[in-house]
Amino acid sequence: MALKIRLRQHGRTNRSFFRLVVTDARSPRDGKYVEALGWYNPVEAEDDKKLFFKADRIQHWLNLGAELTESAASLIKKTSPEIMRAQTEKKLNSLAKAATKRKKRTKFR
């Protein structure tokens with residue numbers, strides 16, 4: 001089961017707000033979800049009440065292999081840049097590991 005961390009739309013016409021949820025990638029935008037991780041209200045004027053995320057739970061799901069959508073990643077980058085930094089470091093480490101593995105493989109030929 002491929003998991004995604006994405007926004008789930010709520011509210012009424014022209015007054016929508018969103019919940020950040022972990023869900024199966026195949027489920028519809030407003031369908032079932034595994035866990036709610038926070039919320040985002042773009043209509044709110046105060047920055048304190050505009051968005052809230054559980055950073056520890058987001059990190060937990062990312063460690064389990066969940067992927068962020070673009071919109072969720074941009075919101076998380078605003079509030080918790082350390083999560084995004086950890087994700088990029090993880091990606092760079094895996095690329096470096098693959099490069100060293102490739103070098104070893106070509107060395108023996």
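**Figure 1. Salt bridge of Asp 24 and Arg 26.** Asp 24 is buried, at 15% relative accessibility (buried is under 20% relative accessible area, exposed over 50%, partly exposed in between; 1.4 Å probe, protein chains only). Its partner in a salt bridge is Arg 26, with 3.1 Å from N to O; a salt bridge places a side-chain nitrogen of Lys or Arg within 4 Å of a carboxyl oxygen of Asp or Glu. Arg 26 is exposed, at 68%. The model is predicted, with local features requiring pLDDT of at least 70 and side-chain atom pairs pLDDT 80 or more, while totals for chains, interfaces and linings use all residues. Residues are numbered from 1 along each chain as its sequence is written, and side-chain values use heavy atoms, leaving out hydrogens and water.

**Figure 2. Salt bridge of Glu 35 and Arg 57.** The closest N and O atoms of Glu 35 and Arg 57 are 3.0 Å apart. Because Glu 35 belongs to strand 3 and Arg 57 to helix 1, the pair ties together parts 22 residues apart in sequence (helices are DSSP runs of H or I, at least four residues, and strands runs of E, at least two, numbered from the N terminus). Glu 35 is buried, at 18% relative accessible area, whereas Arg 57 is partly exposed, at 27%.

**Figure 3. Surroundings of Tyr 33.** Tyr 33 is placed in the loop between strand 2 and strand 3 and is partly exposed, at 34%. Leaving aside residues up to four places away in sequence, Tyr 33 touches Arg 8, Arg 19, Val 21, Val 22 and Thr 23 (contact means heavy atoms within 4.5 Å).
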